[in-house]
Amino acid sequence: MKSQNFLQLLAVLTPMLIWAQTPQAPQTPTFQNGASTVPVTLNESGQLLGQEIADIAYNAQSWNNFATFVLDDEDLDKVRGRYHALEDWNNKGVLAVRDGGKYIINSVNLNLRKDLFESRITEDSLFVFNRDNVEFLVINGRKFEYINSGIHGGTKPFEVLYEGDAIKLLMTYDLEVKQPESNDPLMIKSDKPEFDIDNTYYLKEGNSLRAFNVRKRDILDYFGAQKDKIKDFVKAENLSYRDARDFAKMLAYQKRVL
């Protein structure tokens, strides 16, 4: 019975994993499961065939090297608030994997507790993508990629706010749990702790990654001799020095005009 239910859930994936590029002819990408390799058949439109999905789910245990099907057993009663980067699951993404394939993924989000991208299949089930196979993921036009920063003890997902020839402006989503404040003299906590999401910004130049304060002084120092022209641009476009996405516009302006 469990195998039958599992296959029924995986059948839902058919419209969710669609080859994002229209191929000239059917292709056969593969997902590796341990020592065996399971071929994936695409039809003339580049869509994964439903029966193949069921066969892979049964024989290859959900493409262990690509993604894992799990039940969402998180105990949300312990902590208030969200622990995903985006506010809801009403998202569509394009997933690029390291073998060159691109897939359209619905209901996708970034789990900040695990630093893993997830696609919600049903109310209580998820498809979790293996970070080692993710080249990048574009969600609602916003690009995310894993970078081995040397700062966070391994690879971490960053949102790419700006990408130029020699520099990237990156942002992390930093999750912490805040304990409720209590005015009770007995220090009895009457409320639940709450997830809190903050952002940290980085500039990546070549293999160098450094934290960057998005504020007027640091931004103008970064532009150096071009700062007066940047000031004029900021005033003309009504931008804010404390908005990282506005800083990204300044970087784009510098590349385009200065």
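This is a predicted model: local features need pLDDT of at least 70, side-chain atom pairs count only at pLDDT 80 or more; totals for chains, interfaces and linings use all residues.
Residues are numbered from 1 along each chain as its sequence is written, and side-chain values use heavy atoms, with hydrogens and water left out.

Let me start with the whole chain. The secondary structure comes to five helices and 15 strands, where helices (H or I, at least four residues) and strands (E, at least two) are DSSP runs, numbered from the N terminus. Of the 258 residues, 40% count as buried; buried here means under 20% relative accessible area, exposed means over 50%, and partly exposed is in between, with a 1.4 Å probe and protein chains only. If we take the contacts between residues at least 6 apart in sequence, 55% of them join residues at least 24 apart, a contact being heavy atoms within 4.5 Å.

Now to the helices, and to α3 and α5 to begin with. The axes of helix α3, residues 216-223, and helix α5, residues 244-256, come within 12 Å and cross at roughly 15°, which makes α3 roughly parallel to α5. The axes are lines fitted to C-alpha atoms, for helices over the stretch in contact, and the angles run from 0 to 180 degrees between N-to-C directions. Angles under 35 degrees count as roughly parallel, over 145 as roughly antiparallel, 65 to 115 as roughly perpendicular, and the rest as oblique. From α3, the residues that make the contact are I219, Y222 and F223, and from α5 they are F247, M250, L251 and Q254. Sorted by class, that contact has six nonpolar residues, one polar and no charged ones, where Ala, Val, Leu, Ile, Met, Phe, Trp, Tyr, Cys and Pro count as nonpolar, Asp, Glu, Lys and Arg as charged, and the others, Gly among them, as polar.

Which residues of α3 are buried? They are I219, L220 and F223, and, seen down the axis of α3, these buried residues fall within an arc of 95°, so they line one face of the helix. The arc is that of the directions from the helix axis to the C-beta atoms. On the other side of α3, R217 and D221 are exposed, whereas the buried residues pack against α4 and α5. After α3 comes G224, with a positive phi near 55°.

Let me finish among the strands, with K92, which has its place in strand β5, residues 92-97. K92 and V138 are 46 residues apart in sequence, and 8.4 Å apart in space, C-alpha to C-alpha. Leaving aside residues up to four places away in sequence, K92 touches I104, I105, N106, V108, V138, I139 and N140.

One of those residues, N140, deserves a word on its backbone. Most residues other than glycine have a negative phi. The phi of N140, however, is positive, near 50°, and N140 sits in the loop between β10 (134-139) and β11 (142-148), where it counts as partly exposed at 48% relative accessibility. For S107, too, phi is positive, near 50°; S107 lies in the loop between β6 (102-106) and β7 (108-111), and is partly exposed, with a relative accessible area of 23%.
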